[in-house]
Amino acid sequence: MMQQFAGSSSATEIDYGWEFDFEDFFPSMVATLGAEGFLGELCNGFCLLMDSNKGVITFESLKTTATLLGLDVRDEELVMMIMEGDLDGDGVLSQMEFCILMFRLSPGLMMDQRPRSMCVDDNTY
């Protein structure tokens, strides 16, 4: 996969050796569900992936869920997924880290974001 990180004048490409087609559904989900509904769905996704005893997404919980969904994902890929979102370096994803990661990985959500103070009224955001 060639993943491109945007946000600077020069993009950086990283070749992980695998590819997939990616369609970003998050902007249409926000448009359909509204901000609160979308955040609720992110929380549902977190709960699906988390270790119910620890309250965080672990390597083991991610591997178990991938297997249950019939996905053939290598251990190295699962480790990279955790590392991508692990902001505090504890080797797991908290709900906040998961939500931040989901926003970061959605080009559609990140492209047209502006501070609330720039909005004419809160209903236009």
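A residue is called buried when its relative accessible area is under 20%, exposed when over 50%, and partly exposed in between (1.4 Å probe, protein chains only). Val-79 has 37% relative accessibility, so Val-79 counts as partly exposed.

The model you are looking at is predicted: local features need pLDDT of at least 70, side-chain atom pairs count only at pLDDT 80 or more, and totals for chains, interfaces and linings use all residues. Residues are numbered from 1 along each chain as its sequence is written, and side-chain values use heavy atoms, with hydrogens and water left out.

Val-79 sits in helix α3 (residues 75-85); helices here are DSSP runs (H or I, at least four residues), numbered from the N terminus. Together with Met-80 and Met-83, Val-79 makes a nonpolar surface patch of about 260 Å². For such a patch, residues need over 30% relative accessible area and no salt bridge, and nonpolar side chains are joined within 5 Å. A salt bridge is a side-chain nitrogen of Lys or Arg within 4 Å of a carboxyl oxygen of Asp or Glu.

**Rings that pair up**

The structure holds 2 aromatic pairs. Ring centres must lie within 6.5 Å; planes under 30 degrees apart count as stacked, over 60 as edge-to-face and the rest as tilted.

| Pair | Centre to centre | Between the planes | Type |
|---|---|---|---|
| Phe-38 and Phe-103 | 5.9 Å | 85° | edge-to-face |
| Phe-46 and Phe-98 | 5.8 Å | 55° | tilted |

Phe-38 lies in helix α1 (residues 26-49) and Phe-103 in helix α4 (residues 95-104), so their pair ties together parts 65 residues apart in sequence. Phe-38 is buried, at 2% relative accessible area, while Phe-103 is partly exposed, at 29%. Phe-46 in helix α1 and Phe-98 in helix α4 also link distant parts of the chain, 52 residues apart, and both are buried.

Terms used. Patch = residues over 30% accessible without salt bridge, like charges linked within 9 Å, V, L, I, M, F, W, Y side chains within 5 Å. Areas by Shrake-Rupley, 256 points an atom, 1.4 Å probe, with all protein chains shown as cover. Helix = DSSP H or I, 4+ residues; strand = E, 2+ residues; numbered from the N terminus. Phe/Tyr/Trp six-rings, centres within 6.5 Å; stacked < 30°, edge-to-face > 60°.
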